[in-house]
Amino acid sequence: MDEEPGAGCPPPPMARPAPGTTNGHYDRGVPDCSFCGIAAGGIPATIVLDGKRIIAFRDLNPQAPTHVLVVPRDHFPNVAELAAAGGGLLDEVVAAAREVAAADGIEASGYRIVFNTGQDGGQTVGHVHAHVLGGRSMAWPPG
Ligand code: AMP
Ligand code: ZN
């Protein structure tokens, strides 16, 4: 019996499925997402941690002596979607936040980890990121 042409061959490299989502996780960089751009190296940033699944870089508009954003390379819209996806990535974000604090010498003095979520939460970039803030005393309640 004749096989169809191409049967058994791997698909050509460009024949990938269109971007889709699973549990809020986009399977590749989202166009127009600046943090996907930073993760891909196309947008410059002051990187302080460059991991397999996580990057961290200094915030462009720092609100404290240490103000670093810890970001999964893969695109999730917010921390709730990241948590729902499982896979230990949220744990890695928190561990990376601790590494950032230690590297900046603020682990002992203390720091704040913030996930602004949604409009009333003050989220302006729709790619999940943990703010790591420290180097000064933080006020409570937040504004
Ligand atoms: P949020 O408002 O919680 O979504 O936080 C977004 C943060 O990203 C803000 O603190 C911005 O200053 C910061 N930000 C936006 N674009 C960049 C960028 N290209 N590099 C570094 N920080 C950025
Ligand atoms: Zn993104």
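Reader: How many helices and strands are there in the chain?

Author: The chain holds four helices and seven strands, where helices (H or I, at least four residues) and strands (E, at least two) are DSSP runs, numbered from the N terminus. Starting at the N terminus, the elements follow the order β-β-α-β-β-β-α-α-β-α-β. This is a predicted model, in which local features need pLDDT of at least 70 and side-chain atom pairs count only at pLDDT 80 or more, while totals for chains, interfaces and linings use all residues. Residues are numbered from 1 along each chain as its sequence is written, and chains are lettered from A and ligands numbered from 1 in the order in which they are written.

Reader: Where in the chain is confidence lowest, and where is it highest?

Author: The quantity to read is pLDDT, the predictor's confidence in each residue, from 0 to 100. The mean for the chain is 89, and 81% of its residues reach 70 or more. Confidence is lowest in strand β1 (residues 21-22), with a mean of 66, and highest in strand β7 (residues 130-134), at 99. Over residues 10-18 the pLDDT is below 50, and this stretch has zero contacts in the model beyond near neighbours in sequence; two residues are in contact if their C-beta atoms, placed from the backbone, lie within 7 Å. Where pLDDT is low, the predicted coordinates should not be read in detail.

Reader: Is Thr66 buried or exposed?

Author: A residue is buried if 20 or more other C-beta atoms lie within 10 Å of its own, exposed if 12 or fewer, and partly exposed in between, with C-beta atoms placed from the backbone. Thr66 is buried, because 23 other C-beta atoms lie within 10 Å. Thr66 belongs to strand β5 (residues 66-72), and, leaving aside residues up to four places away in sequence, Thr66 touches Asp104, Ile106, Tyr111, Val132, Leu133, Gly134 and Gly135.

Reader: And what can be said of Asp32, buried or exposed?

Author: Asp32 is exposed, since 8 other C-beta atoms lie within 10 Å. Asp32 sits in the loop between β2 (25-26) and α1 (34-40), and Asp32 has a positive phi of about 70 degrees although it is not a glycine.

Reader: Which residues come nearest to ligand 1?

Author: A residue is near a molecule if its C-beta atom, placed from the backbone, lies within 6 Å of it. Of the 13 residues around ligand 1, Leu60, Asn61, Asn116, Thr124 and Val125 come nearest.

Reader: Which two residues does a cis peptide bond join?

Author: The cis peptide bond joins Trp140 and Pro141, with omega about 5 degrees, and Pro141 lies in the segment after β7.
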